[in-house]
Amino acid sequence: MAREETASIDLVDAETVRQLSVAVMLAALTAVLAQFSIDLPGGVPFSFQPFGIFFAGLLLGPVWGGFSISLYVLVGLAGAPVYSNAAAGLGYVFGPTGGFLVGFAVAAVVIGAVAHRSLTPTPIGSLSAIPTAIALLAGLVVIYLIGLPWLASVNGWTLTRAASFMALFAVGDLLKTAITTGIVAGGTELFADRR
Amino acid sequence: MITVDGLTHTFGETTAVDDVSLTIDDGEWVVLAGPNGSGKTTLVRHFNALLEPDAGTVRVNGTPAADQPVAARTSVGMVFQSPRDGFVGATIGADVAFGPENLGLDHDEIDRRVDDALAAVNLEGRHDERIDSLSGGEQARVAIAAAVAMEPDHLVLDEPFTGLDWPAQRSVLEHLDDRHAAGMSIIVVSHELRDLLDRADRVIGLHAGSVRFDLPPDAARDRLPEIDVRPPP
Amino acid sequence: MLTYTPGSTLVHRLDPRTKLAVQFAFALVAFTASTAPQLIGLFVVGLGSLRLAQLAVRAVLRAYWVVLLILALGPVLAAVTLGPPWLRLDPALVSLRSIARIVPILFVSAAYIHTTPIRETRAAIQRTIPGRPGQLLGVGVALTFRYVPVLRADLRSVRDAIRARNGDTRSLWERSQRLTVLLVDRALRRSDQLAIALQARCFAWNPTLPRLQFSRRDVPVWLLSIAFVVVAVVDLLGL
């Protein structure tokens with residue numbers, strides 16, 4: 001191809017391509033984890049989905065982390081069966097649990113912002129336990145702050161009723177923040193080569 | 001034509017490519033042989049400006065690749081090892097069209113290129129099939145088609161036979177023969193030279209980031225043990 | 001599971017931007033509906049869109065059964081009180097009216113999913129959102145869709161590997177840590193490969209955008225969308 005034809009091509013810079021690629025993979029991972037759970041004693045499902053959101057914020061920071069989970073929500077809106085129970089579509093987002101989906105995207109932003117205290121992320125290996133735990137808890141609070149009123153409003157419930165309905169899940173989610181903090185701050189060498 | 005002059009590339013403390021100089025002419029069939037970790041992959045990634053040199057230059061058709069990445073990437077088509085990780089579209093057609101779309105071509109030209117590229121690897125008319133439903137051999141052919149759709153002068157294939165069974169390998173080789181006959185230069189990076197030696201014009205032996213030899217196949221065969229590569233039977 | 005199914009119904013042939021607009025407009029008007037005739041109207045539109053898309057109601061109910069179950073719990077749990085009279089009808093009715101609005105929205109979005117391939121939504125995003133954000137979101141959606149099956153296979157192989165080493169007997173804490181770390185690590189490796197592959201194909205800010213073309217068919221649907229928005233605005237402003 002002659003050079004004059006290629007001069008108008010505005011290449012995406014390497015750093016943006018790298019961030020986009022990680023964002024895509026964490027969005028896809030969140031979609032996969034949304035379909036995966038372990039049954040706890042008593043039959044309460046322990047969903048792995050929050051791990052995708054947690055790591056999007058922790059690895060990518062507020063901007064690209066939020067972008068990543070927004071991609072996840074958008075792919076479901078476009079019709080890919082990526083929401084819980086292989087659901088998809090705008091109807092699901094406007095449905096009773098749709099607030100949690102919106103909460104996920106906002107939570108990724110909040111987790112990234114609180115953990116890194118900057119728009120650009122520091123290496124995940126350099127995060128220590130306390131800030132990580134605070135960031136994840138803040139993210140969890142955001143998820144429920146958006147999800148619960150949404151559920152209450154769609155189902156015509158009081159906020160207390162919605163909260164008691166979700167209480168069991170909240171216990172599991174708290175456990176997940178502890179597990180994730182353990183991974184990040186527990187000196188795991190698995191992320192050691194990550195910048 | 002690809003001209004490498006004094007190219008050095010380091011990753012931290014490791015020197016992956018160490019002062020390499022070589023030339024690949026239009027229409028040549030070249031094998032880059034070397035064991036794992038010899039710097040083959042790093043070297044060829046400089047051919048289309050996917051990496052920036054620490055020292056030296058890589059010129060594609062006379063232009064430094066680092067200055068004109070688009071020119072380098074349209075002249076040098078790259079087929080990566082394990083193509084599954086390099087697909088950017090969910091369907092065959094979407095994946096092959098991605099490169100031409102980025103070149104800003106009009107829709108008719110994009111369609112023509114996709115059709116031609118798919119025909120070149122015997123996948124004509126299969127645009128809408130999902131890539132995940134294809135066999136390994138078919139995926140390898142889609143990856144070649146995606147590179148061919150850029151209408152490059154050179155085609156670089158990094159370990160193209162990994163994980164492919166014999167019929168799939170043979171089919172990939174036949175398609176490479178076709179591209180070569182159509183005037184493209186073919187550069188195959190491999191540590192497994194069976195079926196490659198009798199096709200190549202030259203074999204470049206790489207070891208620990210340096211070129212150990214650059215010889216016609218017959219002469220190269222005897223020196224393969226020197227770079228820890230098993231000579232084919 | 002509800003996914004895109006190729007076809008040639010009227011809904012299949014609409015421009016995706018038209019279908020997205022009518023979906024949002026319909027959701028807007030649905031949230032302002034409260035009287036019985038209004039709710040019936042919503043159901044007529046919802047069922048009508050399924051009919052036009054040639055999608056069976058049963059298939060939609062099956063696909064959204066969990067959502068429908070949670071919706072059904074709405075009036076049931078709303079009715080219960082702790083203490084006499086134990087069951088109250090009024091809150092249940094409020095809840096019923098509220099959840100009834102959601103079901104037709106599910107119908108309309110099911111018709112969208114059934115008739116619109118992901119690449120068309122991607123094209124709609126790139127053609128509607130200007131500049132770099134539109135390009136990143138559009139390409140991002142296409143790439144995410146492409147990599148979901150790849151990462152699903154990763155999940156399976158990681159789970160099998162853990163199982164093969166008797167990891168099943170470990171605590172939930174250990175199991176979930178190991179699984180998560182291995183999966184995130186693989187995802188990051190794949191992202192390195194993807195970044196290289198995108199660059200090798202001249203990933204650019206200004207590519208040729210996918211083909212999309214409005215036709216005369218889209219006009220009545222746009223008029224309908226505008227009507228929905230007008231009705232919703234009139235209702236919200238209390239006119």
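This is a short tour of a predicted model, with stops at an interface, some residue pairs and a few annotated spans.

Before you click: residues count from 1 along each chain as its sequence is written, while chains are lettered from A and ligands numbered from 1 in the order in which they are written. Local features need pLDDT of at least 70 and side-chain atom pairs count only at pLDDT 80 or more, though totals for chains, interfaces and linings use all residues; side-chain values use heavy atoms, with hydrogens and water left out.

**Stop 1: chains C and A**

Interface size is often quoted as the accessible area lost when the parts come together. Here chains C and A bury about 6,100 Å², with 78% of that on carbon and sulfur atoms; buried area is the accessible area (1.4 Å probe) lost by two parts on being put together, summed over both.

Now colour chain C's side by helix. Helices (H or I, at least four residues) and strands (E, at least two) are DSSP runs, numbered from the N terminus.

**Stop 2: an aromatic pair**

Pick F94(A) and F31(C). Their ring centres are 5.5 Å apart and their planes sit at 65 degrees, so the pair is edge-to-face. Rings of Phe, Tyr and Trp (its six-membered ring) pair with centres within 6.5 Å; planes under 30 degrees apart are stacked, over 60 edge-to-face, the rest tilted. F94(A) is in the loop between α4 (90-93) and α5 (98-116) of chain A and F31(C) in helix α2 of chain C, so the pair joins two chains.

**Stop 3: chain B**

Select residues 2-233, where UniProt's unreviewed entry places "domain: ABC transporter"; such annotations may be inferred rather than shown by experiment. The span is 32% helix and 26% strand. Then find R112(B) and E151(B), a salt bridge at 3.1 Å, N to O. R112(B) lies in helix α4 (residues 107-120) and E151(B) in the loop between α5 (136-148) and β7 (154-158), so the pair ties together parts 39 residues apart in sequence.

**Stop 4: transmembrane annotations**

UniProt's unreviewed entry for chain A lists transmembrane regions including 50-73 and 93-115. Residues 50-73 of chain A are 100% helix, with end C-alpha atoms 14 Å apart. Residues 93-115 of chain A are 83% helix, with ends 28 Å apart by C-alpha.

Key:
Salt bridge = Lys/Arg side-chain N within 4 Å of Asp/Glu carboxyl O.
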